[in-house]
Amino acid sequence: MRCFRRSRIPEDRALKESGQSPVTFGALVRGWLARKGQDPRREHLEQLWKNWGMVMGAELSALARPLGHREGRLLIGGEDNLVLQELSYYAPEMLERANAFMDGEFFNRVELYLLEGRTPLDERVNRVLPVPRRELVRPQHLGTLVGRLDPASPVGRCYQAYLRMFESEK
């Protein structure tokens, strides 16, 4: 039986042979986070959406609504086709303004879409869904602690509120 021994190539020589240059640990972590959807500049992006009106100006921000970003593309929405046609002329300016806010070449292209009911990122939507009320079922031995608890204590006041909750349901 023959054993084959694998020869180890030193890392610096392996990199030279493969044609790749060494990469810093920080660059590896940033790349890994970006692939997982956690861009290190995510907070900066949120600030862009929040300050969209200031970044684009009053006239342009009324027409161009931010929808997000994908792989270096700035996604912009418009109300109708006429607005999108107008925005196509402003695409270089929007790209320049957004990149200036991001302090570098973050976006490389602008893509225009119809809004079609989508909520733009510059709108702050606080939709509170109504909580469905469950039907209260009165406990069998409710009220047996009325004389035993001090009505001035926190527990006694809580128990009294609990009793009132079932009385209002009648």
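Tutor: Take Glu123, which counts as partly exposed because its relative accessibility is 40%, between the cut-offs of 20% for buried and 50% for exposed. Keep in mind throughout that this is a predicted model. Glu123 lies in the loop between E3 and helix H7, the latter covering residues 154–168. Its side chain is joined to that of Arg65 by a polar contact of 3.3 Å. Trp52 is 71 residues away from Glu123 along the chain, yet the C-alpha atoms of the two are separated by 9.7 Å.

Arg65 counts as buried because its relative accessibility is 16%, and the cut-off for buried is under 20%. Leaving aside residues up to four places away in sequence, Arg65 touches Trp52, Leu75, Ile76, Gly77, Leu115, Pro120, Asp122 and Glu123.

Three strands make up an open sheet with mixed pairing, in the order E1-E2-E3. Strand E1 (65–70) and strand E3 (109–114) are the edge strands, each pairing on one side only. On average, neighbouring strands of this sheet are turned by 30° against each other, direction ignored. Strand E2, residues 73–78, pairs with E3 in the parallel sense over six bridges.

In soluble globular proteins, nonpolar side chains tend to be buried together. In this model the largest nonpolar core has 21 residues, and those with the most contacts inside it are Leu48, Trp52, Leu74, Ile76, Leu87, Met94 and Phe107. Two or more residues each are given to this core by helix H3 (42–50), helix H4 (52–56), E2 and H6. H6 supplies the largest share, seven residues. Trp52 and Ile76, among the core residues with the most contacts, are also touched by Arg65.

Helix H3 deserves a separate look. Its buried residues are Leu45, Leu48 and Trp49. They cover an arc of only 95° around the axis, so they sit on the same side of H3. An α-helix has 3.6 residues a turn, so residues three or four places apart point the same way. The buried residues of H3 pack against H4, E1, E2 and H6.

Finally, the part can be set within the chain. There are seven helices and three strands in the chain, running α-α-α-α-α-β-β-α-β-α from the N terminus on. Of the 170 residues in the chain, 24% are buried. Among contacts between residues at least 6 apart in sequence, 58% join residues at least 24 apart.

Key. Residues are numbered from 1 along each chain as its sequence is written. This is a predicted model: local features need pLDDT of at least 70, side-chain atom pairs count only at pLDDT 80 or more; totals for chains, interfaces and linings use all residues. Side-chain values use heavy atoms; hydrogens and water are left out. Two strands pair if DSSP finds at least two bridges between them. Helices (H or I, at least four residues) and strands (E, at least two) are DSSP runs, numbered from the N terminus. Axes are lines fitted to C-alpha atoms, for helices over the stretch in contact, and angles run from 0 to 180 degrees between N-to-C directions. Buried means under 20% relative accessible area, exposed over 50%, partly exposed in between (1.4 Å probe, protein chains only). A polar contact is a pair of N or O atoms within 3.5 Å; within protein, one must be able to donate a hydrogen and the other to accept it, and residues adjacent in sequence count only if both atoms are side-chain atoms. A nonpolar core is a set of buried Ala, Val, Leu, Ile, Met, Phe, Trp, Tyr and Cys residues joined through side-chain atoms within 4.5 Å. The arc is that of the directions from the helix axis to the C-beta atoms. Contact means heavy atoms within 4.5 Å.
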